[in-house]
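Here is a brief report on a predicted model.

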Amino acid sequence: MDFKYALAMELDDPGFHHGVLADFRERLAQDDRADHLLDLALARLKEAGLVRERTTRRTDSTHVLAAVRDLTRLELVTEAVRAVLEEVARTASHLLTGLVDEDWGRRYGRSVRLGKNPTRPKTRILAAGDDTCRLLERLHRHGPGYRPGPQAEALRQIVVQNYYRDAAGRLRWRTAADGGLPPSSSAIVSPYDTTARYVRHGHIISWKGFAAHVTETCATTAPT
């Protein structure tokens, strides 16, 4: 609604796709483009006399929620598998022949909602891990010429983030005590926006999304 108002668009205008901003962030992060833009902006501000050396600066930040559901780790893996199945079904459905059966349909046929205390959690964790490995192996071995889409790449990162193989080659669920968990700065929280992160402000406020930082220059001879 805010974007439509700012751009003088009609209220019934469909606007842009929800993934446009995520794609823009990814392009901006390539080759330090964001740093180059910031350096250019600072140079122009200095030329205009808006930024001076040796002045007091005040920095603040606000949280920006990502347009994704708040998923548990098990829900994240399960939803990532579902996203890949839908992606492959649209582009190369023949690769799913002989893999997706009635059990897969029950597990991944609809949006995943397990909650924090699902029934038979260990069974679900192992089943989701085995399904993930089988699916990725199928796409790798039985899809010559097939180029995996963004959902498949997200699933590959999510399975590494949540599982590991022990000395005997068995798939294990990562914990802080054994397999080790990635830091929140690099852990994916949604298969649909891989740039979103778990962010914490102090000991009370936490969210999944981004943090927008704002810096103000304060001087006794000029307004803030």
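## Surface and core

Leu-38 is partly exposed, at 48% relative accessible area. Buried means under 20%, exposed over 50%, and partly exposed in between (1.4 Å probe, protein chains only). The model is predicted: local features need pLDDT of at least 70, side-chain atom pairs count only at pLDDT 80 or more, and totals for chains, interfaces and linings use all residues. Numbering runs from 1 along each chain as its sequence is written, and side-chain values use heavy atoms, without hydrogens or water.

| Residue | Helix | Relative accessible area |
|---|---|---|
| Leu-38 | α3 (residues 33-47) | 48% |
| Arg-25 | α2 (residues 20-29) | 29% |

Arg-25 touches Asp-193, Thr-195 and Phe-210, not counting residues up to four places away in sequence. Contact means heavy atoms within 4.5 Å. Arg-25 and Glu-87 are 62 residues apart in sequence and 22 Å apart in space, C-alpha to C-alpha.

The largest nonpolar core has 29 residues. Such a core is a set of buried Ala, Val, Leu, Ile, Met, Phe, Trp, Tyr and Cys residues joined through side-chain atoms within 4.5 Å. Leu-135, Leu-139 and Tyr-163 have the most contacts inside this core. Its largest share, eight residues, comes from α4. Leaving aside neighbours within four places in sequence, Leu-135 contacts Val-81, Val-84, Leu-85, Leu-96, Leu-99, Trp-104 and Leu-155.

Key. Helix = DSSP H or I, 4+ residues; strand = E, 2+ residues; numbered from the N terminus.
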